[in-house]
2 protein chains.
Amino acid sequence: MNTSTTKNSTIMKPYVIGIDIGGTNTVFGIVDARGVVIASSSIKTLKHADVNDYIDELYTSVTRLLEAHDAVGKVSGIGIGAPNANYYTGTIEKLVNIPWPTPLPLAQMVSEKFGIPVAITNDANAAAIGEMTYGAARGMKNFIMITLGTGVGSGIVINGQVVYGNDGFAGELGHLIVKRNNGRLCGCGRTGCLEAYCSATGVARTAREFLETRTDPSELRSLDIDSITSKDVYDAAVKGDKLAIEIYEYTGKILGEAFADFTVFSSPEAIIIFGGLAKSGDLLLKPLREAMEKSMFHAFKGKVKVILSELKEADAAVLGASALGWEAKMVPAVTPDSPNTALPTVPNA
Amino acid sequence: MNTSTTKNSTIMKPYVIGIDIGGTNTVFGIVDARGVVIASSSIKTLKHADVNDYIDELYTSVTRLLEAHDAVGKVSGIGIGAPNANYYTGTIEKLVNIPWPTPLPLAQMVSEKFGIPVAITNDANAAAIGEMTYGAARGMKNFIMITLGTGVGSGIVINGQVVYGNDGFAGELGHLIVKRNNGRLCGCGRTGCLEAYCSATGVARTAREFLETRTDPSELRSLDIDSITSKDVYDAAVKGDKLAIEIYEYTGKILGEAFADFTVFSSPEAIIIFGGLAKSGDLLLKPLREAMEKSMFHAFKGKVKVILSELKEADAAVLGASALGWEAKMVPAVTPDSPNTALPTVPNA
């Protein structure tokens with residue numbers, strides 16, 4: 001079999017598998033070239049203390065799904081989204097709340113088990129690739145994906161390529177400093193990061209701050225202050241609660257000012273937002289867009305669209321990861337002489 | 001002549017021309033593939049109110065230089081560095097203190113006059129390309145060039161490519177907001193930009209601020225406060241003047257914190273600094289590096305080098321612009337049906 005035959009037969013395979021590894025669940029699905037999730041399922045990430053047992057169960061479950069949908073032998077590649085995953089090396093560098101040893105050569109382990117090329121990246125980069133392949137960023141070469149969840153993640157695309165940087169970890173815009181002095185303590189150990197203000201957790205912190213330092217009435221005062229969530233703030237805001245609306249204005253302003261800062265870096269066509277907070281609609285988007293335009297460097301005024309993700313939230317993680325599967329290459333075994341640098345080799349038959 | 005012959009004969013031509021258009025002088029030079037400036041000269045930018053007369057004089061002067069160095073017919077391309085130059089469109093979008101009409105299709109005009117492919121970009125991007133081709137960034141695929149002059153300019157390289165963004169104007173890091181509240185007024189009309197603190201002008205402003213708001217002795221107090229320059233501050237600092245040294249510490253801290261912010265974006269291998277202030281050596285670099293590491297997101301600590309440009313200042317502008325000449329393509333004429341998008345055509349013989 002010569003190389004070009006191998007390449008063609010790989011390209012002809014109609015499906016990819018997307019795997020999203022979260023702290024609780026690992027969700028996976030079979031996806032076609034148009035971004036339709038043919039079928040999906042999940043296993044518990046934490047069930048196995050030994051990562052090899054985890055990969056065995058993943059293999060069994062994925063194979064069962066492939067068999068049920070007549071997709072065995074029709075998978076072009078596997079894409080995996082996972083926290084702290086390094087695209088260049090195929091390893092997970094750090095795990096929080098999962099007891100497997102790190103750095104973990106996950107791409108190599110999964111590709112050896114499945115006999116299929118595997119690529120991995122972090123969840124926000126996977127979301128950006130998903131959006132570019134199947135979503136709101138189709139046709140765009142320069143955009144930034146911002147995921148507003150428990151934290152703030154980002155995937156940056158420039159000239160049609162995800163920005164990985166020199167070490168594979170570029171695109172940590174949730175950790176841009178937005179308040180240089182007396183900023184909030186962030187989970188990263190520093191103070192004043194964007195994530196400490198504009199994540200779901202950040203919104204809940206703002207609610208507590210406002211309630212503690214102000215005296216104006218709010219229906220949020222009827223809740224236990226220590227367990228207020230961004231969902232509580234949203235529910236109050238849509239009912240017209242002024243303090244809750246102000247929390248969104250405060251959050252949107254900080255996010256919009258940060259988006260203006262992102263723009264002096266890469267002048268994107270659009271910034272796409274995704275995740276729980278993105279669903280707040282104009283409560284967040286209106287103050288965000290106003291602050292962004294007001295803060296914008298003159299050369300970029302009126303040029304940057306702020307738009308919502310077009311990926312369905314239930315499918316997004318699997319879809320995003322799966323998109324990476326189209327560009328996956330076989331990972332050679334790591335030996336002292338050949339460090340794992342994801343060089344392409346002939347895929348298994 | 002078939003395409004591959006044309007391509008080879010173009011590649012074989014041993015020289016490029018670099019042209020740096022400044023508000024006062026236009027400097028140009030003949031450069032070889034190793035980055036040696038074979039010869040250079042200049043004309044006055046402002047001598048001609050009509051840009052066509054300017055291009056005529058440029059053509060005459062460059063041709064004289066080529067003839068004197070037996071280089072006629074041996075030029076592969078022309079690279080031009082100019083403020084507000086757009087690489088994508090080949091136009092200068094805005095001119096300050098130069099009375100030519102904008103947008104000015106400069107790449108097309110020069111390439112039609114010379115019969116040689118022309119590419120243009122702004123001065124900081126040209127410096128980045130020069131550094132990558134001939135200087136401290138040789139072999140690097142991810143770095144950021146920061147020019148510390150009257151203003152603060154930047155050229156960002158990711159995956160070996162200059163970042164132009166969606167509109168051609170990406171990389172305005174001098175206009176990242178470093179002081180969100182009560183920041184200094186910047187020339188761009190906003191407040192708190194990096195440029196308002198860390199340019200030569202910014203250093204002079206810091207000197208005035210310190211002298212006006214403090215009472216401690218300094219030899220800077222013997223100077224006319226309104227005409228203090230960054231050179232005065234440097235001279236005082238090297239003599240051990242405490243207040244002058246503190247001005248550098250203040251400047252270095254702000255710049256180092258901004259460098260940490262740049263890093264969450266693109267995780268560069270190095271940040272290269274160039275220009276007058278860069279020559280201050282450890283006066284600036286020590287507080288800069290300390291602040292950068294202290295502010296750095298944990299994943300990037302200890303990974304980013306801060307280094308000085310290796311281009312000689314006298315040659316740098318011409319060298320940087322010339323490097324762009326190697327990738328210049330012929331610019332087709334602009335017609336309503338074929339907007340100027342720098343598509344390659346067969347170069348003139």
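Visitor: Why is B:G168 called buried?
Guide: Its relative accessible area is 3%. Buried means under 20%, exposed over 50%, partly exposed in between, with a 1.4 Å probe and protein chains only. At 3%, B:G168 is therefore buried. This is a predicted model: local features need pLDDT of at least 70, side-chain atom pairs count only at pLDDT 80 or more, and totals for chains, interfaces and linings use all residues. Residues are numbered from 1 along each chain as its sequence is written, chains are lettered from A and ligands numbered from 1 in the order in which they are written, and side-chain values use heavy atoms, with hydrogens and water left out.

Visitor: What does B:G168 touch, not counting residues up to four places away in sequence?
Guide: B:N86 and B:Y88. Contact means heavy atoms within 4.5 Å.

Visitor: What makes A:D261 and B:R180 a salt bridge?
Guide: A salt bridge is a side-chain nitrogen of Lys or Arg within 4 Å of a carboxyl oxygen of Asp or Glu. For A:D261 and B:R180, the N to O value is 3.1 Å. That is within 4 Å, so the pair counts as a salt bridge. The pair crosses between chains, from helix α8 of chain A to the loop between β10 and α5 of chain B. Helices (H or I, at least four residues) and strands (E, at least two) are DSSP runs, numbered from the N terminus.

Visitor: Is A:D261 buried or exposed?
Guide: A:D261 is buried, at 6%. B:R180 has 25%, so B:R180 is partly exposed.

Visitor: How many salt bridges are there between chain B and chain A?
Guide: Six. Another pair is A:R180 with B:E257, at 3.6 Å, N to O. A:R180 and B:E257 also belong to a salt-bridge network with B:K253 and B:D261.

Visitor: Why is A:D70 called exposed?
Guide: Its relative accessible area is 55%, which is over 50%, so A:D70 is exposed. A:D70 forms a salt bridge with A:K74, at 3.4 Å, N to O. A:K74 has 30%, so A:K74 is partly exposed.

Visitor: What makes a group of residues a nonpolar core?
Guide: The residues must be buried Ala, Val, Leu, Ile, Met, Phe, Trp, Tyr or Cys, joined through side-chain atoms within 4.5 Å. The largest such core here has 110 residues. Among those with the most contacts inside it are A:F262 and B:F262. Apart from it lies another core of 34 residues, including B:I21 and B:V118.
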